[in-house]
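Grab a pencil and work through a few exercises on the model shown here.

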Amino acid sequence: MTGDRRRPRLVGFFIVVPRNDTMSDGDANPAAVAAPVPDMCGDGTWMSLHNHYVASSKDKEPEVVFIGDSNVLLLHQLEIWRDLFSPLHALNFGGLGEGTQHVLWRLENGELEHIKPKIIVLWVGTYNMGHTAEQIAGGIQAIVQSMQQRQPQAKVIVLGLLPRGKNPNPLRERNRRVNEVLADTLPSTPNAVFLDLDPGFVQSDGTLSHNDMFDYLHLSRLGYSRVCPALHKTLLRLLEGRGTAPQL
């Protein structure tokens with residue numbers, strides 16, 4: 001039945017919301033329209049995590065805030081977070097398999113209300129389902145605009161999307177195109193920096209290594225160790241007031 005096919009469904013712990021293919025060109029970009037993650041499991045996990053971030057930030061004075069999907073969330077569990085980013089007085093507002101529209105909703109519902117960071121690191125987009133590269137880039141740009149409205153003093157670092165899938169595939173190509181669009185458009189945005197952290201995860205035969213991404217989507221400890229030092233270097237440079245991000 002058509003109605004059943006269009007229902008959101010769980011894939012692992014990610015929520016997949018089918019794209020509305022009947023959307024006209026005149027409709028709003030779905031990747032830039034704030035929306036909460038549907039509570040498919042019925043346990044309120046996502047909303048509880050959001051509420052925790054809002055409440056716990058009230059007594060914090062971070063210099064750096066990381067906001068994004070599970071790539072951000074998983075980073076918080078590793079030693080490299082404690083070694084590189086905790087000393088920078090960083091908060092981690094990572095989510096569960098979120099798209100740009102979900103991060104935008106979190107911003108519009110208080111996650112930046114009680115803090116005044118110097119830098120915000122944004123990493124989101126690879127989990128947008130049914131959206132084009134241009135739509136995802138537009139969603140990221142909408143998030144940057146929302147951040148700048150709420151935190152005009154903060155510099156925003158937008159991290160590029162990493163390749164995904166063991167072998168070449170359309171989603172990997174889509175992520176590459178998102179990065180192209182952002183690299184072209186973000187330089188004209190005040191206080192925003194695009195940073196591509198990919199150290200060359202795609203091997204000469206076109207595959208990704210299980211050692212870098214344990215499921216060919218999420219970074220392993222080794223994978224994080226390959227991308228985090230460059231980000232740490234950029235954060236130090238910006239916190240010290242030495243202009244924009246260095247060339248990698």
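**Exercise 1: the sheet**

Isoleucine 120 stands opposite valine 156 in E6. This is a predicted model, where local features need pLDDT of at least 70, side-chain atom pairs count only at pLDDT 80 or more, and totals for chains, interfaces and linings use all residues. Residues are numbered from 1 along each chain as its sequence is written, and side-chain values use heavy atoms, with hydrogens and water left out.

Task: work out in what order the strands form the open sheet, and which are the edge strands.

Solution. 
- Start with E5 and E6: they pair in the parallel sense over four bridges. Strands here (E, at least two residues) and helices (H or I, at least four) are DSSP runs, numbered from the N terminus; two strands pair if DSSP finds at least two bridges between them.
- Next, E5 (residues 119-123) runs parallel to E3, joined by five bridges. Here glycine 68 sits opposite tryptophan 123.
- E3 also pairs with E4 (residues 90-94), again parallel and over five bridges, with phenylalanine 93 as the bridge partner of isoleucine 67.
- Put together, the order is E4-E3-E5-E6-E7, five strands in an open sheet with parallel pairing.
- The edges are E4 and E7 (192-195), each pairing on one side only.

**Exercise 2: strand E3**

Task: decide whether the faces of E3 are covered or open.

Solution. 
- In a regular strand, side chains alternate between the two faces of the sheet.
- On one side of E3, Val64, Phe66 and Gly68 are buried, and on the other so are Val65 and Ile67. Buried means under 20% relative accessible area, exposed over 50%, and partly exposed in between (1.4 Å probe, protein chains only).
- Both faces are therefore covered, as those residues are all buried.

**Exercise 3: two helices**

Task: describe how H2 (residues 45-56) packs on H5 (residues 100-108).

Solution. 
- The angle is about 40 degrees and the axes are 11 Å apart. Axes are lines fitted to C-alpha atoms, for helices over the stretch in contact, and angles run from 0 to 180 degrees between N-to-C directions.
- That makes H2 oblique to H5; under 35 degrees counts as roughly parallel, over 145 as roughly antiparallel, 65 to 115 as roughly perpendicular, and the rest as oblique.
- Trp46, Met47, His50 and Tyr53 of H2 meet His102, Trp105 and Arg106 of H5, where contact means heavy atoms within 4.5 Å.
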